[in-house]
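Please look at the sequence and the model shown here.

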Amino acid sequence: MKKSLLWILVLIFVSTIVSFSLAQSNLDVGIVLPTKDEPRWIQDETRFNDALKTAGYSAEILFSQGSSAKEKENVEALITKGAKVLIICPHDGTAAAASADEARAAGIKVISYDRLIRATEAVDYYVTFDSIAVGEAQAQYLVDKATGTGNPLYLYAGAATDNNAFLFFEGAWNVLQPKIADSTFIIKNSSEAVALQGKSTLIRDEMGKIIGQVTTNWDFTVAKNLAEANLTIAPAADKGNVFILAPNDGTSRAIADAFADDNDVKSYVVSGQDAEIPSVQYIIDGKQSMTVLKDVRTLVSDAIAAAVAYLNGKTPEQTNSYNNGKIEVPAKPSVVVTVDQSNVKAALIDSGYYDASEFTGLQ
Ligand code: BGC
């Protein structure tokens, strides 16, 4: 046999062994997060990396960059690497069902992380914050700051592809609706919400109609454009001292900037969530009114505890369940904390969540 042919055979043999051992590598946990473009998910990555240092299990984190196709590729790559547990925060809750099904078929436990995967039986567990409580905290803040009647209210929501957008809105509606019914607030930017304002609870389709009109799609640019469009058609009488339900920090900053730029807006109260570093700075500077702290360390440690339970053939702790349209998914929701200027230092700096050096103007 020619020497070169022999070498080719040796190379083929070696590369087969290498790819076989990669496919069978010792990956315990695969983690898929939705995007690097929002500080929220960088928080999760950082906290996962911190927690994994001491967890004693191998893990790999992949980002889907707002694409369900990329998310599916990520899941398939982790399956190929031999992951035994998948922790996944879906970009689109329904589209992710196919990935969950694939993981289940490969014998992998599927943990839905922060956002629920919908329309499949292949979800073993859901680690989450109490998202209804998030919406309630946002709305309660607006209610507590409002006096008298006729206060202009502008509603904004998350992406309709994210189950959480419905939970946040449901929580907000629980608190806002009685205050719309008694005329404390007047909705200014959603005819669908006005049409439903007499109903104390809304079914998913009804919320879907409102969300369809006021969605930010979790996108800062969409949020800014929508707020500007709302302000362009609103007469000066619908501005003045306004109240804004903004679904999260990124969209809150975008919407707040748009309202701050309008000369007919005298003051605004605007909600948020995630305690993102840029929004904490906005709160210190008086440009965003509040945020809802969802301590990502808790979510990460709950997710890792669930993964470890599965790796050891056990079942993670359950205190609640969420319906994903197909099954009741066992879950353990965590509490959330309202943060504004009055407690920002105690809740986020003194608690050790962030370092003071991240911010300027802290009192
Ligand atoms: C998360 C929020 C986040 C939003 C946008 C939601 O599912 O719960 O924390 O701000 O997605 O990424």
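What follows describes the chain as a whole and then the ligand site.

This is a predicted model, in which local features need pLDDT of at least 70 and side-chain atom pairs count only at pLDDT 80 or more, whereas totals for chains, interfaces and linings use all residues. Residues are numbered from 1 along each chain as its sequence is written, and side-chain values use heavy atoms, with hydrogens and water left out.

The chain holds 13 helices and 13 strands, taken as DSSP runs (helices H or I, at least four residues; strands E, at least two) numbered from the N terminus. The C-alpha atoms fill a box of roughly 90 × 45 × 40 Å along the principal axes.

Around the ligand there are 13 residues, of which Glu38, Arg40, Asp114, Asp162 and Asp274 come nearest; a residue counts as near if one of its heavy atoms lies within 4 Å. By class, this shell has seven charged residues (Asp, Glu, Lys and Arg), three nonpolar ones (Ala, Val, Leu, Ile, Met, Phe, Trp, Tyr, Cys and Pro) and three polar ones (the others, Gly among them). Helix H2 (39–55) and helix H6 (163–181) each supply at least two residues of the shell.

Oxygen atoms of the ligand lie 2.7 Å from a side-chain N or O atom of Arg40, 2.8 Å from a polar side-chain atom of Arg115, and 2.5 Å from a polar side-chain atom of Asp274. Taken alone the ligand exposes 310 Å², and the protein buries 100% of that, with accessible areas from the Shrake-Rupley method with a 1.4 Å probe.

Key. A polar contact is a pair of N or O atoms within 3.5 Å; within protein, one must be able to donate a hydrogen and the other to accept it, and residues adjacent in sequence count only if both atoms are side-chain atoms.
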